[in-house]
Amino acid sequence: MINQRGTAVWNGDIKGSGEIATQSGTVKAPYSVGARFEGQKGTNPEELIGAAHAGCYTMFLTSILTKDGKAVKQIHTESKVTLDTSGEVPKVVKISLTTEGQVEGISQEEFQQYAEKAKENCPISVLLKAVPEMELAAAKLK
């Protein structure tokens, strides 16, 4: 088993601010309501989930391609996390993945199949299955 930790500290009431950090110390960033809902400088939970999802998905896709003997040069992925703020409480309602790969000896159709398999099986995708909609919006070869 592998355990990884993240921490958060919040100072003050809801108009306050805080800091989110990772166990490794690589990420140490300010966050606030303004950063989450108003586009102010800083990070927010949804952005961090998107980054974690994109990282996990890309690593998993690379892994399954490599295990099948495909020559991966580069995979680039965006995970867009949609937060609906129209209701009584904000809810993550959609995650949209877009990935592009440079992979030798593979067709667009094969890449699409690998991309779908990664969407269904990377550990963070599996964790996020509670989100009402998760799509692979695009998977294309360069």
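Reader: What makes S1-S2-S3 the order of the open sheet of three strands?

Author: In this predicted model, the order follows from the pairing, which is antiparallel. Two strands pair if DSSP finds at least two bridges between them. Five bridges join S2 (residues 17-22) to S3, so S2 and S3 count as paired by that cut-off. Within this pair, Glu-19 stands opposite Pro-30 in S3.

Reader: What is the pattern of the protein chain along the sequence?

Author: The pattern reads β-β-β-α-α-β-β-α-α-β. The protein chain has four helices and six strands.

Reader: What share of the 142 residues is called buried?

Author: Buried residues make up 31% of the protein chain. A residue is called buried because its relative accessible area is under 20%. The protein chain exposes about 9100 Å², and carbon and sulfur atoms supply 52% of that area.

Reader: Which contacts account for 51% of those with a separation of 6 or more?

Author: Those between residues 24 or more positions apart. A pair counts as a contact because its heavy atoms lie within 4.5 Å.

Reader: How far apart are the mean positions of the positive and negative charges?

Author: They are 4 Å apart, for 16 positive and 17 negative charges. Along its principal axes, the C-alpha trace of the protein chain spans about 55 × 35 × 30 Å.

Technical notes
Residues are numbered from 1 along each chain as its sequence is written. This is a predicted model: local features need pLDDT of at least 70, side-chain atom pairs count only at pLDDT 80 or more; totals for chains, interfaces and linings use all residues. Side-chain values use heavy atoms; hydrogens and water are left out. Helices (H or I, at least four residues) and strands (E, at least two) are DSSP runs, numbered from the N terminus. Buried means under 20% relative accessible area, exposed over 50%, partly exposed in between (1.4 Å probe, protein chains only). Accessible areas come from the Shrake-Rupley method with a 1.4 Å probe; for residues, only the protein chains shown count as cover. Lys and Arg count as positive and Asp and Glu as negative; His and the chain ends are not counted. The place of a charge is taken as NZ of Lys, CZ of Arg, CG of Asp or CD of Glu.
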